[in-house]
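Reader: Please take me through this model term by term. I want each label set against its cut-off.

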Amino acid sequence: CDNSFRIVSSIICEFGRICGLKFGQHLPEHVPEMRQLLFLLCDYTQHVNALQFGSGRQAAAVANLSRYEAVMQKLMAIFAHPDDEGAVAGTLAHYADWGVEVQLVCATRGEVGMISDPALATRATLGAVRQAELIEACDILGVDRIGFLDYRDSGMQGTPENDDPRSFVQADEDEAIGRMVEFIRGWQPDTVITFEPFGWYGHPDHRAACRLATAAFHAAGDAD
């Protein structure tokens with residue numbers, strides 16, 4: 001475990017060095033190195049998971065995954081805000097590099113997120129800035145299609161933004177599921193990924209995205 005921690009820490013430190021440790025800094029000349037680090041993190045995670053399973057289960061899991069990957073042509077990720085895709089960036093870049101069509105559906109534009117540097121955005125422009133950042137990030141990762149559900153960021157749990165009728169958590173669930181179903185049926189992904197039920201750290205939009213995307217996944221295959 002100590003060795004694993006050191007390896008991951010060294011990768012994260014190197015990623016920070018390449019990114020310049022400054023949010024919003026644009027360093028296009030470092031894109032190849034960033035992609036390699038994303039692949040390294042992805043590969044290392046797969047290695048650790050394989051070690052946990054043991055050699056026999058590892059071989060079976062790898063064989064089953066390889067058979068599925070051989071036929072997977074389209075992968076869709078459904079998340080809540082621009083930057084959520086960063087949690088699976090290595091996975092998205094990995095499959096894009098393999099020639100899989102990678103798709104991203106974002107519920108909001110992150111309009112009430114934190115502004116780390118006033119020079120980058122204002123409260124009025126934050127949604128548009130984050131949308132532009134998402135498009136640029138997806139270009140780096142190799143994402144082929146980006147879609148928005150056009151809801152508003154609901155903010156952190158217990159904040160006034162939770163009650164905004166435009167917010168994702170206030171959306172009519174049938175309507176929100178219907179919008180997701182339109183993307184799934186229209187883009188025809190082989191695989192759909194989203195948050196786990198608690199939404200990483202309990203963000204209301206993350207939890208809603210998991211619940212609604214899971215429902216949309218099942219509803220998309222329902223003829224009715």
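Author: What follows goes from the whole chain to the sheet, then to helices and single residues.

Author: This is a predicted model, in which local features need pLDDT of at least 70, side-chain atom pairs count only at pLDDT 80 or more, and totals for chains, interfaces and linings use all residues. Residues are numbered from 1 along each chain as its sequence is written, and side-chain values use heavy atoms, with hydrogens and water left out.

Reader: What share of the residues in the protein chain is buried, and what does buried mean?

Author: Buried means under 20% relative accessible area, exposed means over 50%, and partly exposed lies in between (1.4 Å probe, protein chains only). Of the 224 residues in the protein chain, 40% are buried.

Reader: What share of the contacts with a separation of 6 or more joins residues 24 or more positions apart?

Author: The share is 71% in the protein chain. Contact means heavy atoms within 4.5 Å.

Reader: Which strands pair, and in what order do they stand in the sheet?

Author: Two strands pair if DSSP finds at least two bridges between them. The four strands form an open sheet in the order 3-2-1-4, with parallel pairing. Strand 3 (145-148) and strand 4 (191-193) each have a single partner strand, so each is an edge strand with one side left without a neighbour in the sheet. From one strand to the next, the twist averages 20°.

Reader: How do you know that strand 2 pairs with strand 1 and with strand 3?

Author: Count the bridges. Strand 1 and strand 2 run parallel and are joined by six bridges. Strand 2 (residues 101-106) and strand 3 share four bridges, also in the parallel sense. Cys-106 of strand 2 is the bridge partner of Phe-79, and its partner in strand 3 is Phe-148. Ile-78 stands opposite Val-105 in strand 2.

Reader: Why is strand 2 called largely enclosed?

Author: Six of its six residues are buried, so the rest of the structure largely encloses strand 2. Glu-101, Gln-103 and Val-105 point one way, while Val-102, Leu-104 and Cys-106 point the other way, and all are buried. Strand 1 (residues 74-79) is also largely enclosed, because five of its six residues are buried.

Reader: What makes helix 4 largely enclosed?

Author: Seven of the nine residues of helix 4 (residues 89-97) are buried, so the label applies. They are Ala-89, Gly-90, Leu-92, Ala-93, His-94, Tyr-95 and Ala-96. Just after helix 4, Gly-99 has a positive phi of about 95°.

Reader: Why are helix 6 and helix 8 called oblique?

Author: Axes are lines fitted to C-alpha atoms, for helices over the stretch in contact, and angles run from 0 to 180 degrees between N-to-C directions. Angles under 35 degrees count as roughly parallel, over 145 as roughly antiparallel, 65 to 115 as roughly perpendicular and the rest as oblique. The axes of helix 6 (residues 173-187) and helix 8 (residues 204-220) come within 8 Å and cross at roughly 55°. The pair is therefore oblique.

Reader: Which kinds of residue make up the contact of helix 6 with helix 8?

Author: The contact has 13 nonpolar residues, no polar ones and three charged ones. Here Ala, Val, Leu, Ile, Met, Phe, Trp, Tyr, Cys and Pro count as nonpolar, Asp, Glu, Lys and Arg as charged, and the others, Gly among them, as polar.

Reader: How do you know that Leu-212 is buried?

Author: Its relative accessibility is 3%, so Leu-212 counts as buried. Leu-212 lies in helix 8. Beyond its neighbours within four places in sequence, Leu-212 contacts Phe-168, Glu-173, Ala-176, Ile-177 and Met-180.

Reader: What is the phi of Gln-188, and is Gln-188 buried, partly exposed or exposed?

Author: Gln-188 has a phi near 55°, a positive value in a residue other than glycine. Most residues other than glycine have a negative phi. Gln-188 is in the loop between helix 6 and strand 4. At 48% relative accessibility, Gln-188 counts as partly exposed.

How values were computed:
Helices (H or I, at least four residues) and strands (E, at least two) are DSSP runs, numbered from the N terminus.
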